[in-house]
Amino acid sequence: MASMKDVFKSLCLGELVSGLTVTARALFAPKATVLYPEEKTPQSPRFRGMHALRRHPDGTERCVGCKLCEAACPAAAITIEIAPNERGERRTTRYEIDMNKCIFCGFCVEACPVDAIVETRFHEVCVESRAGLVWTKDRLLDNGARREEEIARDLERDMKYR
């Protein structure tokens, strides 16, 4: 008797009909597609994007060349060289982040004692070669200068969670 039931189901194509009903429901459901350049999806408050180096209000660099961010980076994406400046203070002469290696974990930000390196909300980067993803000190400082208001606002909000 059970075999007759199975034969009847296979002749009526029950599995095919149930599959088509699932497809029909998905066909008329509201779409979740976002037209990216024109429409932006909401970001999490703790989103971590491209890095930036910050300056003090008087224009001097915040980075003191302690190399803690380089030591904390699990991907070894940060390269720092230091030398004393004209006042005898230790400062960075070379600060590079290889974004090809970076995993955006935020350990460098957490390790920095002076909040010199931060991760911004900026994530729209387009380059023609992999060499364009090696961010130098000048590019990081420029990124920080362009987004200082946003960075300060995010750091103020983030202090509530620490």
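**Notes on salt bridges, sheet and core**

1. Let's start in helix 6 (residues 148-158), where Arg-157 and Asp-154 sit 3 residues apart, which puts about one helical turn between them. Helices here are DSSP runs of H or I with at least four residues, strands are runs of E with at least two, and both are numbered from the N terminus. The side chains of Arg-157 and Asp-154 meet in a salt bridge, 3.0 Å from N to O. The term salt bridge means a side-chain nitrogen of Lys or Arg within 4 Å of a carboxyl oxygen of Asp or Glu. Arg-157 is partly exposed because its relative accessible area is 24%, while Asp-154, at 15%, is buried. The cut-offs: buried is under 20% relative accessible area, exposed is over 50%, and partly exposed is in between, using a 1.4 Å probe and protein chains only.

2. Before going on, a word on the basis: this is a predicted model, in which local features need pLDDT of at least 70, side-chain atom pairs count only at pLDDT 80 or more, and totals for chains, interfaces and linings use all residues. Residues are numbered from 1 along each chain as its sequence is written, and side-chain values use heavy atoms, with hydrogens and water left out.

3. How many salt bridges are there by this rule? The count comes to 11. Arg-146 counts as exposed because its relative accessibility is 54%, whereas Asp-142 is partly exposed at 40%.

4. Also in helix 5 (residues 137-146) is Asp-138, which counts as exposed at 61% relative accessibility. Asp-138 and Asp-58 are 80 residues apart in sequence, and their C-alpha atoms are 17 Å apart in space.

5. Now to Glu-96 and Arg-94, whose side chains form a salt bridge of 3.1 Å, N to O. Both are partly exposed, Glu-96 because its relative accessibility is 21% and Arg-94 because its value is 30%.

6. On to the sheet: 3 strands form an open, antiparallel sheet in the order 2-3-5. Strand 2 and strand 5 are at the edges with a single partner strand each, so one side of each lacks a neighbour in the sheet. Strands count as paired if DSSP finds at least two bridges between them. Strand 2 and strand 3 are joined by 7 bridges, and strand 3 and strand 5 (residues 134-135) by 2. Strands 2 and 3 make a hairpin with 5 residues between them, and Gly-88 in its turn has a positive phi of about 85°. Across from Ile-80 is Tyr-95 of strand 3, and Thr-79 has Glu-96 as its bridge partner.

7. Although Asp-98 is buried, it has no salt bridge, and the nearest side chain of opposite charge, Lys-101, is 4.5 Å away. For charge, Lys and Arg count as positive and Asp and Glu as negative, with His and the chain ends not counted. Asp-98 does have a side-chain polar contact of 3.0 Å with Asn-100. A polar contact is a pair of N or O atoms within 3.5 Å; within protein, one must be able to donate a hydrogen and the other to accept it, and residues adjacent in sequence count only if both atoms are side-chain atoms. Leaving out residues up to four places away in sequence, Asp-98 touches Ala-77, Leu-133 and Val-134, where contact means heavy atoms within 4.5 Å.

8. Nonpolar side chains tend to be buried together in soluble globular proteins. The largest nonpolar core here has 20 residues, and Cys-69, Ile-78, Tyr-95, Ile-97 and Ile-117 have the most contacts inside it. Two or more residues each come from strand 2 (78-84), strand 3 (90-98), helix 4 (107-111) and helix 5. Such a core is a set of buried Ala, Val, Leu, Ile, Met, Phe, Trp, Tyr and Cys residues joined through side-chain atoms within 4.5 Å. Apart from neighbours within four places in sequence, Ile-78 is in contact with Cys-69, Glu-70, Cys-73, Tyr-95, Glu-96, Ile-97 and Cys-108.
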